[in-house]
Every structure is written in structure tokens, then in C-alpha cells.
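Please open the structure in your viewer and keep the selection tool at hand, for this tour goes from one selection to the next.

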Amino acid sequence: RASGISGATPSTRRGNGTPAPGVLALPLKQAAFYEDVLAQCLRSGVAVSCVSATGLPEPREPMDLTTLQWLPWRTGGDTLHLPAFNATSVPLLRETLRHWAEKMQASAYGCVVKLRTSKGLACKSLIAAWPAAVSSDDKSAFEIPRLSPDVSFAFSLQVESEPEQEQDPYVYKRDTGRKQLCAQLAVLYTNGKGERLLRVHTSAMNVVQTPRLVYNAVSVGPLIALLIKQVVVLAFEKPDEAKIVPRDCLLEFCLQVLVAYHRQFNYRSPIESGQLVLCRSLQLLPLYILGARKLIYAATSGNMEKHSAGEFLRRLLRMPIHSLLSAIYPRTYALQPTPHEGPEMPRAGFSSKDYLASGNAPAYLVVNCFGAWFYHSPPEEDEENDSDGPDAGSPGATKSSGSRAATPTTVTPSSLADPERTPEAWAVQRAELWKSAEALTQRIRESLAPGPSWMPLRELPRLPNKLSTDMDVDWNTKTFLSAIFVEDEGVTEMEYMEWMRFIHAQARRMTTPPVG
């Protein structure tokens, strides 16, 4: 049985009830123009990309990104919005256009996609940024001018129960314990060389009789990617039609999975005894659910501008699995003045401020599919840390890279005693670490390719500390840091260990029989 987040999907004017997140809300005459352009793009295999920017000062009325980006989302094009455009935005624009040009040769054009299933399996819905074909009643087919390697879509399948028929007991009955259901995806497309090709993918799915086999075969990566896409579709619903907050759907699904697992297998260490035992395939599910809730909070809480929130959600809807996993749990790399040179990538640390404050490296690089952020604590913060210890101010005092905010550099007695801690030496070290961060970021872009767009390298926003309290950090920065440092407590969610205790308490409440 297929599991997932249920809920009504947004309707569309095309008449087949196809999920179409971000339906074009324009006057009839203007909407007819866009529909006509879309029909021409479908016939010619043309994808439309859009680059939008706002200057300084910011306009009073926000730019209508929903209208400007409607054709790119429906034709498989790319989008880039540059708020407060100035000279510093030119590198991002240049590298993004270069990234688009590289992906053009590896894209498929004039795509016609059809999903076929065996008897007993039916297509329920298409989860994508574009609607299904009008002629497809079961939403198992669509046509799009372009599919790039950075785009993904999903079909929701449902197992159809076969009616039981009376048979002669002496007639041999086939064993259904090893039954398989098949799904086949046929794609007709034109490659970058102008060749018209047909690619067919066939996959067999076992129909098992015990839940144990289902849990052992679960892959948490595709599962969490499907859940995020379903939550995005649910977030595009009208508020009065939504029965539950989209973020809470993730929590509800996680609890249902954990409770069902314990009811089936955990008879030796029941959940009532204070233990939350999971199989290996589900060990990362609570952590990924926490990261996903933090990620989509800003876009679904109403604090983000409407058009920007819609653009962010549509990006999540198109992202492939590896990009979504990078978005919900960023990687943190320790930096050294000398760039890492080896056949393998350096080992990544956990996503927590404590890792940055451990002092294992002079600087750190935090990376997800949206970009890379450089963190290097200034010397006066180390002075503050040293002043707390018994050997504060001594030449041999140990330096600590805590999670501090950047403040103007000053000369202290300890920095005069230690030449390596002077402002000039700190500036030289920071320049070397920045070059190391640039080299590692470029290597991540080429080898791991975690994002569907070019990853810029920026400074990590300042973190709350003794000098700069939480009250000095704006709300947007708080929500951003909450999504970056998944395992820490943020403005939207609790920290990881407290989250696990909360999950355990909720699962225990669901498994405890009511009194009386």
C-alpha cells in the first residue's frame, strides 16, 4: 500500500482537475495570451527562461513574480530573481547564465511522457510544476518543451484491490505471495544533437504480505523528497480548503510510520518502556522531517512576501532527490589555510552551531543546494573566550573559534603579546581561508552538484552571542539560521534531542490505550 500525505490538490482551468501549483490568477484576456504562448511553445519545443531584478531603492509594490515566471515553470525553463540589483550581483548573474548554458546540451526537448502500469496498479496524480495532459484522465501523461537534468517530477500510484471470486477448491490457485506489479515510463524526446529518441524505463514492484519487508526496503531519500513535494502542493491550496497546516502533515506522517513499526515488530522493547527503536532504513527519518519543517516554515507561515514564497515552493517542487536532501540537511566542512587536495572530498560535519564552536578549524564552510556560506570568527571573540579561563591574556592561551558575531577589530594586550593574533595577521589568515573556501565550493559545484542552480559563496550571517543577543538579529536571519543549523534550536522548531523526545512522547501517547 502506498503511503503519503493526503489532501485536496489545487484545481486548474484546463478542466481535468490536474494539480497545477500556482495557478495563473490573471484577467481573462491576459490569461488567454499566456495560454496561447504556452501552446506555441509546446508545438515548437521552446522553453522560456526568465531573469528579473529590482533596483535600489526597492519598489513600493513587489514585483509580480508569479506572472513573470509562469511560462518558465510550465515550459521547463529556468528562473532567476535578483532583488536590489547592483554591481555585486553581476557575478551571480554571469555564473548563473553560464550554468544554464551548460545544462542546455544535456536537456531533453519536446518531451512527451507517458506512465503505463500493469493490472492492479493505477496512477493517482502527477506531482510537478506543470499540469498533466488534458487527454489523460488518470494524470499519467504530460507534454513539456524541456526537461533538464536539474528537474524532477513524481507520480502517485495506488494499488487496486481485486475482487475475490469463488473458485473450485480442487483447481490450482496461484500463489500471490510473490506477485509483482510493473510500471513503465516512456519518454519521447529530442536530445541536444537534434535526434528524436524514445527511452523506456520499466520497474517491477513486489507485493509483499508482511509489513517487515516494506520497512526493510524503504529508502528514506526518495520518501522524504516525495513528502516535501506533496507538502508543497498542499501549501498552494486556499487557506479555507486546507484542513491541516502543511508542516504538520510531515509530523503526522512520521508518527504514523513509527507507531505502525512498533506495533508490528517492537514487541521485545515496546515504546511504553521509554525506548524508541527504529530499523536502519528509518533512522534518519525523524531528522529529515525536522529539517523539512524548518525549511518550509518561512514560505508557509505567511511571513515571507507572497510572490517570493511561491517561487521558493516551486523550486522545491522541481528539485531532484539529492538536492532536496542537501536543502534539508546542509553539509559543514572544516577549512584550513591550505586547500584540500585529494581524490576524495573532505569529510563533512554535522549541522550545528556547536560544530562551529568546537575550535577544530579556524574557519568553516556551510553548503546546501542554495549556496555556500563562509564562517570565520574575528580575533576579539577569541579574546572574550580566553578571558573566561584562568590563563586569559597569556601568550600560550588556547584560541577558540566560537559562534560569535563580527565586530570592529581592536588591539588588545594579548594580541600585542602574540604576533599571530594581531589584526593584520588575522586579515592575512582570513584571506587565505577565503581562497580555500572558494576552491572547496568550486569543487563541490563540479563533483557533488547539490543544487539545480549556481551556488554563490557568501558570508554567513552573524550568530547570536554575548555581544550580539538574539534580539539584535532580524526575523529573516533567524529563520535562515534555523534552516541551516538543523540540529540546533531555532525560532521555528526545537533542537534535535528535544525533538526526538517529543516524537517519542507523541508516539507513546498514540500507542497507549485509552483509560476506561
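This is a predicted model: local features need pLDDT of at least 70, side-chain atom pairs count only at pLDDT 80 or more; totals for chains, interfaces and linings use all residues.

Residues are numbered from 1 along each chain as its sequence is written, and side-chain values use heavy atoms, with hydrogens and water left out.

**The whole chain**

Of its 516 residues, 47% are buried, where buried means under 20% relative accessible area, exposed over 50% and partly exposed in between, with a 1.4 Å probe and protein chains only. Among contacts (heavy atoms within 4.5 Å) between residues at least 6 apart in sequence, 73% join residues at least 24 apart.

**Helix 4**

Next select residues 90–105, which are the 16 residues of helix 4, reaching 24 Å from the first C-alpha to the last, close to the 22 Å expected at 1.5 Å a residue; the expected span is 1.5 Å times one less than the number of residues. Now show the side chains of Leu92, Glu95, Thr96, His99 and Trp100, the buried residues of this helix. Seen down the axis of helix 4, these buried residues fall within an arc of 145 degrees, so they line one face of the helix; the arc is that of the directions from the helix axis to the C-beta atoms. They pack against strand 1 (50–53), strand 2 (79–82) and strand 12 (457–459), whereas the face turned away from the buried side carries the exposed residues Glu102 and Gln105.

**Aromatic rings**

Select Trp130, Phe142, Phe153 and Phe155, which form one aromatic cluster. Rings of Phe, Tyr and Trp (its six-membered ring) pair if their centres lie within 6.5 Å, and planes under 30 degrees apart count as stacked, over 60 as edge-to-face and the rest as tilted. The whole structure holds 14 aromatic pairs. Trp130 and Phe153 form an edge-to-face pair, with 6.2 Å centre to centre and 65 degrees between the planes. Trp130 is buried at 1% relative accessibility, while Phe153 is partly exposed at 24%.

**Two cysteines**

Finally, select Cys123, which is buried with a relative accessible area of 11%, and then Cys182, which is partly exposed at 31%. How many disulfides (pairs of cysteine sulfur atoms within 2.5 Å) does a search of the whole structure find? The search finds zero.

Key. A disulfide is a pair of cysteine sulfur atoms within 2.5 Å. Helices (H or I, at least four residues) and strands (E, at least two) are DSSP runs, numbered from the N terminus.
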